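Hi everyone, thanks for coming.

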Amino acid sequence: MQISFTAAEIAAIAGPRSTRGSTSETVRGLAGLDDAGPGDLSFLGNPKYKSAVASTKASVVLLPEDFAGVPQPNQVFFLVEKPSVALAQICTRIEQSLWPRPVPGIHPTASVDPTARVPASATVGPLCVVEAGAVLGERVHLQAQVFIGREATVGDDCWLMPGVVVATACELGRRVRLQPGVVIGGDGFGYEFVQGRHEKIPQVGIVTIGDDVEIGANSTVDRARFSRTAVGEGTKIDNLVMVAHNVVVGKHCLLCAQVGISGSTTLEDYVVLGGQVGTGGHIRIGKGAKAGGQAGITTDVAPGSFVNGTPAIPYLLERKVAVLQQRLPDLFRRVDRLEAQLRDAE
Amino acid sequence: MQISFTAAEIAAIAGPRSTRGSTSETVRGLAGLDDAGPGDLSFLGNPKYKSAVASTKASVVLLPEDFAGVPQPNQVFFLVEKPSVALAQICTRIEQSLWPRPVPGIHPTASVDPTARVPASATVGPLCVVEAGAVLGERVHLQAQVFIGREATVGDDCWLMPGVVVATACELGRRVRLQPGVVIGGDGFGYEFVQGRHEKIPQVGIVTIGDDVEIGANSTVDRARFSRTAVGEGTKIDNLVMVAHNVVVGKHCLLCAQVGISGSTTLEDYVVLGGQVGTGGHIRIGKGAKAGGQAGITTDVAPGSFVNGTPAIPYLLERKVAVLQQRLPDLFRRVDRLEAQLRDAE
Amino acid sequence: MQISFTAAEIAAIAGPRSTRGSTSETVRGLAGLDDAGPGDLSFLGNPKYKSAVASTKASVVLLPEDFAGVPQPNQVFFLVEKPSVALAQICTRIEQSLWPRPVPGIHPTASVDPTARVPASATVGPLCVVEAGAVLGERVHLQAQVFIGREATVGDDCWLMPGVVVATACELGRRVRLQPGVVIGGDGFGYEFVQGRHEKIPQVGIVTIGDDVEIGANSTVDRARFSRTAVGEGTKIDNLVMVAHNVVVGKHCLLCAQVGISGSTTLEDYVVLGGQVGTGGHIRIGKGAKAGGQAGITTDVAPGSFVNGTPAIPYLLERKVAVLQQRLPDLFRRVDRLEAQLRDAE
C-alpha cells in the first residue's frame with residue numbers, strides 16, 4: 001500500500017480548526033495510537049484512550065477540539081470537530097488511490113457475447129465472461145475473471161471483484177459491490193424423493209439484489225425455485241454467508257459472516273444476525289429483530305426482539321439460562337442433599 | 001428471465017384433463033397464488049391454500065381435477081391429475097430455455113493441453129483450463145472459467161458451472177452437476193507437530209464423486225491423505241459445505257448448507273444432515289440417520305436414528321431438554337425454597 | 001492418479017533395515033491394511049492394528065523393526081525404524097509426481113501488467129491476472145486463473161492454486177500455499193449507521209500472511225479497516241474459514257474448517273480452534289489455548305486453557321454440564337417429588 005500524504009495534504013482533507021506542532025514526516029500509514037510509529041497518522045476516536053496520546057509515536061494525530069495536550073517534537077496535532085469523521089474523509093481519499101477509477105472499455109482478453117449490452121462507460125476487465133443478452137449499466141466495473149450469465153442485468157455503478165459469478169437472468173441494482181468469489185444465482189437446493197432417489201426440482205427463478213447492497217467474499221445467494229430470491233436495498237452481507245432459494249431479505253439488514261438462511265424464510269427490514277446464525281426455512285423474522293452469534297432460529301421472531309442460543313429464545317432469558325447451566329453440577333448436589341435430608345427425616 | 005408461453009403452449013406441456021375459461025395473456029413468470037399477477041402462471045399444490053385461488057390474479061392456474069371454482073375474466077384454469085407434476089414439467093421446459101444445450105466445441109479462449117481428451121460432443125467454454133492428461137466424457141459442459149487438473153476425469157453429461165475447480169487426478173462420475181465455485185480436491189488438512197512447527201503431511205489421495213451427485217456453490221471436498229475421499233451416487237450437497245479428507249459419504253445422502261464433515265468420518269447411505277451440522281472425525285453415521293440443524297455429532301450415530309443438539313443426542317430427548325433449560329431459573333428458585341423450608345423445619 | 005513404483009524403488013526411498021518376502025507387483029496405490037489390495041502399499045502406523053497385517057492383501061507393507069510376522073506369497077515386508085516416517089517419505093515422492101515443478105514463464109493467456117515484477121524463475125499459469133505494481137518472488141507458482149491485485153506482493157516459493165484472489169496491496173510471505181478459491185483482502189465488514197442506512201467505512205488496510213502459512217479452499221481473510229489483518233508464520237487454516245478485518249492470528253495456530261474470527265480479535269501463538277468455532281470481536285485468545293468444535297468464544301481465553309460450548313467455558317466443566325443437561329428431565333421429576341413430600345409432611 002503506497003500511500004503518501006504530507007501533513008499539509010492531510011490538513012487540506014481534514015480541515016482542522018487549529019493545529020499544534022509540526023512534522024517533516026510524510027504520512028505513509030494509519031495506525032492506532034499505541035501501534036503507530038513515525039510516518040503514521042493516528043487519531044483519538046474514543047475519549048477512554050486519551051492517555052495514549054501523550055506516548056504515541058504517530059507523526060500526525062487527529063484530536064477533538066477540546067484536547068488539552070501538546071505534541072512531541074516532529075509531531076503535529078490537528079484539532080477537528082470529530083476525529084472519526086476526519087479519519088473517514090482521509091480513508092475515502094486513500095480508497096480512491098488504492099482503487100482508482102478504472103479505465104472504461106473491454107479488455108482484449110475478456111469474452112463478451114456480441115448480443116450483450118456494454119455501455120461505453122463500463123469497464124470489463126481481463127478474462128471476464130459476459131454471456132448473450134446480458135446488460136451492464138453505466139460505469140459498471142467487472143474487475144477481472146468475473147462471469148455474467150445469459151440475460152443477467154447489472155445496474156449502474158456496480159463493482160464486481162475478481163471471480164464473482166452472476167448466473168443466468170439474475171438482476172443487480174445500482175451501486176452493488178460484490179467481493180471476490182461471490183456467487184449469485186446458483187441453483188436452490190430442492191429435490192423430491194422418488195423411489196429411493198432425490199429427483200431434482202428445476203430451479204427456474206432468479207435472484208434480485210437491491211441498490212447499495214454489498215456482499216462479502218465467497219458468499220452465495222441461490223436462485224429461486226421459481227419467482228425470485230430477493231435481497232433488499234442497502235443490506236450488507238459479510239463473507240461466507242448462505243442465502244437459500246426463495247428467501248426474502250429486507251432493506252438495510254446486516255448478516256454477519258457465515259450466517260445461513262434456509263429456504264423461503266423472510267427477513268423484514270433492519271434485521272441484524274450475528275456470525276454463524278442459522279435459521280429454519282419458511283419462517284419470518286420481524287423488523288429490526290436481532291440474533292446473537294451462533295443462534296439457531298427455529299420459529300418466527302417478533303419485530304424488535306433480540307434472541308440468542310439454539311433454539312433461539314429471548315436474549316435475557318438465554319443469558320440467565322447460560323449462567324445457570326454452569327451451576328448445574330452444584331444444583332444436582334443440592335438436590336441430592338435435599339433427598340438425603342428427607343430420607344433421614346423420615 | 002425471458003420466458004414466454006401462450007396458454008395453448010402451457011396446455012401442450014401440462015396436458016390438462018379439462019379447461020375452464022381462457023386468457024389472452026402470455027405467461028411470462030411463475031408465482032404463488034397470492035403473489036401472482038397478470039401474465040403469471042400459478043398452481044394449487046397444497047389443498048390448504050384452496051381459498052387463495054378465488055382471488056389470485058394469475059392468468060393461468062394449474063388445479064387438481066376435483067377443483068370446483070370458476071375462473072375470473074381473462075383467466076384460464078387447467079385441471080390436471082397432479083398440479084405439482086404439471087408444474088415440474090413446465091419448469092423443466094423453462095430450464096431448457098434458461099440453459100439451452102451448449103454448442104459443442106472448445107472456445108478459442110480456453111486453454112486445453114494437447115494431451116487432454118475432449119470428445120467432439122463436449123463443450124469447453126470461455127477461459128477454461130484443462131490440464132495435461134485430463135479426460136472429459138461425452139457431452140460434458142464446462143461452462144466458463146472452469147479448471148480441470150492433470151489427469152482428472154469428468155464423466156459423461158457432467159455440467160460444471162463457472163469457477164469450478166477439479167484438481168489433479170480427481171474423478172467425477174456421470175451427470176454430476178457442480179454449482180459455481182465448487183472446489184474438488186483441495187489438500188486435506190493434515191499436519192504433524194514437529195519441534196514447534198506443523199509439518200505438512202502430503203495429501204496424495206484423490207476425490208471420487210459418484211453418478212448424479214450435485215454440489216452447491218462454493219462447497220469444498222478435500223482430497224484424501226492417500227486413497228480417496230468419496231461421495232456416493234445420487235448424493236446432493238448444498239452450498240458452502242466442507243467434506244474433509246478421507247471422508248466417505250454414502251449414496252443418496254442430503255447435506256444441507258454449511259455442513260462440515262471432519263476427516264475420515266463415514267456417512268452411510270440416505271443420511272440427512274441439516275444446515276450447519278458439524279461432525280467429529282473418524283466416526284460413523286448409520287444408514288438413514290438424520291441430524292437437526294446446527295447439531296454437533298461427536299460419536300457414532302445408529303442407523304435410522306434422529307439426533308439434535310451439541311453434543312448430538314436423540315431428538316426427542318434434546319427437545320425435552322431444550323424446553324426444560326428455559327425453566328432453569330424457576331428450578332433454581334424451587335430448590336432455594338425447598339432448602340429454606342427444610343432449614344425452617346429443623 | 002498414475003503412481004507406479006517397483007518394490008525396489010520403494011525400498012530405495014524408505015531405506016528398510018531388513019526385508020521379508022518379495023513381490024512382482026508394481027505399487028499403484030496406497031491404502032489402509034484392511035482396504036489394500038494387490039498393487040497397494042500399506043503400513044502399520046499404530047500397534048493396535050497389528051492383527052490386520054496377517055490378512056492384508058497389500059503387496060508392500062511398511063512395518064516396525066520388531067514386527068514378528070511373515071509375509072504371504074507375492075508380498076514384501078519392509079521393516080523400518082518408523083513406518084509413518086517412511087510413509088511420509090514415499091508420499092512426498094508421490095506428491096512430486098502429482099504436482100511436478102512447473103515450467104517457469106508466463107503463459108500466453110495470462111494478463112500481466114507491464115509494471116508487475118515477475119522473476120524468470122516464476123510460473124504464471126494460464127488465464128492469471130497480475131495487476132500493476134504487483135511483485136512476485138522467486139519460483140512463485142500461480143497455477144491458473146489466479147488474481148494478484150495492484151501492488152500486492154507474493155513471497156518466494158509461494159504456490160497459489162486455481163481461482164485464488166490476492167487483492168490490492170496484500171502481502172504474502174515465503175512458501176505460502178493457498179488452496180483453490182482462497183480470497184485474501186476482501187473488504188472488512190464495517191459500516192456506520194447514519195439516518196437509517198449503513199454507510200460504508202472504507203477498508204484501506206491490507207492483509208499480511210506470514211511464511212509457511214497454508215490456507216484451505218474457499219477461505220477468506222479480510223483486509224483491515226486500516227493498518228493490517230495478520231496471519232502469523234506457520235499457521236495452518238482449513239477450508240471455508242473466515243478471518244475478519246484487523247484480526248491478528250499468531251504463529252503456528254491451527255484453525256479447522258468453517259471457523260469464524262470476528263473483527264479485531266487476537267489469537268496468540270499456537271492457538272487451536274476446532275471446526276465451526278466462532279469468536280466474538282475485540283477479544284484475546286491466549287497462547288496455546290484450545291477450543292472444541294462449534295464453541296462460541298465470547299470473552300478472553302487464558303493462555304493454555306481448553307474451552308468448549310457456547311458460550312465457551314472450561315472444557316471439563318462443559319463436559320460435566322452437557323451430561324447433566326441430559327438428566328434434566330429426571331432432575332425436574334426429583335424436585336417435583338421433593339415438593340410433594342414436603343407438602344405431605346406439613
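Okay, let's start with Thr265(A), which is buried, with 21 other C-beta atoms within 10 Å. Buried here means 20 or more other C-beta atoms within 10 Å of a residue's own, exposed means 12 or fewer, and partly exposed is in between, with C-beta atoms placed from the backbone. Thr265(A) sits in the loop between strand 29 (260–261) and strand 30 (266–267) of chain A. Helices (H or I, at least four residues) and strands (E, at least two) are DSSP runs, numbered from the N terminus.

A quick word on the source: this is a predicted model, where local features need pLDDT of at least 70, side-chain atom pairs count only at pLDDT 80 or more, and totals for chains, interfaces and linings use all residues. Residues are numbered from 1 along each chain as its sequence is written, while chains are lettered from A and ligands numbered from 1 in the order in which they are written.

So what does Thr265(A) touch, leaving out residues up to four places away in sequence? Its partners are Val247(A), Thr279(A), Gly281(A), His282(A) and Ile283(A), where contact means C-beta atoms, placed from the backbone, within 7 Å.

Now over to helix 2 of chain A. Its buried residues include Ala86(A), Ile90(A) and Ile94(A). Down the axis of helix 2 of chain A, the buried residues fall within an arc of 140 degrees, so they line one face; the arc is taken from the directions from the helix axis to the C-beta atoms. On the face turned away from that buried side, you'll find exposed Val85(A) and Gln96(A). Among what covers the buried residues of helix 2 of chain A are helix 1 (7–14) and strand 5 (75–80) of chain A.

Conventions: Two residues are in contact if their C-beta atoms, placed from the backbone, lie within 7 Å.
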